[in-house]
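Q: Please show me how to read a few features of a structure, giving the general idea and then the case.

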Amino acid sequence: MKNYLFGTAYYDEYMPYDRIDTDMQMMKKAGFNVIRIAESTWSTLEPKESIFDFTHIDRMLNAAEKYGIYVIIGTPTYAVPYWLVKLDSDVLVTTSYGKAGYGYRQNMDITNKTYLKHAEIVIRKLLEHTAKHPNVIGFQIDNETKHYGNTGKNIQTEFKQYLIDKFKTPDEMNKAYGLAYWSNSIADWEDFPDITSVQNASLGCAFEEFRRQKVTEFLNWQRDIVKEYKRDDQFITHNLDYDWESFGPPVHHDGRSYGIQSNADHFEISKCLTLAGVDVYHKTQKHLTGMEISFAGSELYALKNAPYLVLETQAQAFAETLPYPNQMHLYALLNIASGAMGVMYWNWHSIHNGKETYWKGILSHDFEENPTYNEICEIGRELKKFSPIIGNMKKKSRVALVVDNEANGALKWFPIHKDLSYNDIIIKFYKALYEMNIECDIIFAKSLDYGKYDLIIAPALYSVSNEIIDKLREFVANGGVLFSGFKSFVTDRNVKVFHDRLPHGMTDVFGLTYNQHTRTEEVTVNGIPAEYFMELLKPSTAEVIYNYQHSVWNNYSAFCKNKFENGTAYYLGYVPNDGQLKQLLSLALAEAKIDKPKYEFPIIIKKGYAEGNEISFVFNISVDEQNYIVPNNCKEITEDKSYSCGDTITLDKWNVKIFVEI
């Protein structure tokens, strides 16, 4: 799609009075060309069993057609009506904390047959009513779907059958998961216990993987229903989201998208989508870095090697996230620069009742124009102007950061440190790359499409299969550069620790081994304190770059480099601070012949390619002016001005410039 999608979630159902024409006129003024509707309104669409009311849907579709606005239909299955709970109380999910109460969204058991039966009915009725409408361009299946901590009877029964199919005999399962420990082994499948209080990490991680599979199956099921109704020109998407980090008062549900999603498998889910979609929320005001937006782009673009759609991002949100002037503009274009084909806000107006009353939308509760709305109008005008020049922009990265659901789950059982999660590690590495202006793809370990990269970074790759090991070995042997380290290549995919030398299957690739680790008390590396954790590395063929500095541990290595066939492998045995990590990664970048850009954060540079031209987005993510020297002859399209190589421009605070090479 050459023209960028630009719009918002819109709910006529929530309005205190009829203002749909006014809203559409304001949207057109803002440059919006798409709205997203219906995904949270099951009780309005079907107020009683088998009684359907499409009044609000028709009003929104008719208004969208009148004003020339596209529509994305969301299936309304992530918030259930109470009549369905009355029909079968087991529609509500049971977790380790007990059965969920009614009132919250995402409180259902996605494996419950009653829920699935009635979800299918409402999906089909909605699609019958909307799929042929000329303004409907696509469908969003469910909403930020996860397993919701399901430990109910139904999912446990299915998990038991999954284990029977996988292992055939209890004895094989006992061996794979080490269940003899603490008398957890069973002699008969009838003795398989309730999983709620599982203490065995192998079995616990297997259950977590199974629950992620159920999420994928659920979305595939919805996808198949939608395919029966959709036209060839309509897409199927889903708003993938991330784990969440809270940074405000605990009474608020605020924070930011943080790291990979623990309770769903983005890699597998993306296979059932024709268009990858994402929800990304982030810090603003003086805390704005743009990293969360960039992280989402690095993952989402790589999932399908194609542009993705930001289905939700914040407008005003909470009091502490009300954006400073120019920040809305900056992070809209940062989404585009990261590979998005469109940006949509949650939501159009602030809601007057309910849990999210003060998660404010574009318009405040008075529905009047405000600085956020006015800035969005400016963004809309720019996107309309830029679309012919940078629409259909493609991205390409030479660097990949490997992430892994199984490692994430296993390191919750066996954390590196109580204050250091798997996602903390992934964010630490991504932050270093982001701040150095090294664009990368975030890829899942099991995808293993490594041949297109020059540098692979794989920290804390705790659980590995033979396939993962073989392909990483092949990558290095063929001339690639691998940067890995602490808590990598430790267990198989059943979270069973290997009983040979670590890192398993890679000792010759890294040219070292170790069999002890400890905390980093009074330990430095090249004069800088090491953080959290250290492996006591013993090199064989590896070149030692740094040893630990300590009265006892100084004979052990901290960071090593090894030549393996045609490539190079770096192994990091400890957790460095942010500044030192950049220095270490710079060595790997140089080895891979990847030039390190001149500028670092707060100047952020993103590149893409459109119509055979290189496009450069240059962001100043700070409150201070920044100078930028133009590296080649180019045209700056925000101000329609040409520059020669070596010219210096000044970037105002929170400013963006877009250059097309000429």
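Predicted model: local features only at pLDDT ≥ 70, side-chain atom pairs only at ≥ 80, totals over all residues.

A: Residues are numbered from 1 along each chain as its sequence is written, and side-chain values use heavy atoms, with hydrogens and water left out.

Q: Is Arg 19 buried or exposed?
A: Buried means under 20% relative accessible area, exposed over 50%, and partly exposed in between (1.4 Å probe, protein chains only). Arg 19 counts as buried because its relative accessibility is 7%. Arg 19 sits in the loop between β1 (5-9) and α1 (20-29); helices (H or I, at least four residues) and strands (E, at least two) are DSSP runs, numbered from the N terminus.

Q: Which residues does Arg 19 touch?
A: Contact means heavy atoms within 4.5 Å. Leaving aside residues up to four places away in sequence, Arg 19 touches Tyr 10, Met 26, Leu 363 and Phe 367. Phe 367 is 348 residues from Arg 19 in sequence, yet their C-alpha atoms are 9.7 Å apart.

Q: How many aromatic pairs does a search of the whole structure find?
A: Rings of Phe, Tyr and Trp (its six-membered ring) pair if their centres lie within 6.5 Å; planes under 30 degrees apart count as stacked, over 60 as edge-to-face and the rest as tilted. The search finds 42 aromatic pairs. In one of them, the ring centres of Phe 159 and Phe 210 are 5.4 Å apart with planes at 50°, so the pair is tilted. Phe 159 belongs to helix α6 (residues 153-167) and Phe 210 to helix α8 (residues 201-227), so the pair ties together parts 51 residues apart in sequence. Both Phe 159 and Phe 210 are buried.

Q: Which residues form one aromatic cluster?
A: Phe 6, Phe 32, Tyr 345, Trp 348 and Tyr 373 do.

Q: How do α3 and α5 pack?
A: Two packed helices are described by the angle between their axes and the distance between the axes. Axes are lines fitted to C-alpha atoms, for helices over the stretch in contact, and angles run from 0 to 180 degrees between N-to-C directions. Helix α3 (residues 55-67) packs against helix α5 (residues 113-130) at about 30°, with the axes 11 Å apart. Ile 57, Asp 58 and Leu 61 of α3 make the contact with Leu 126, His 129 and Thr 130 of α5.
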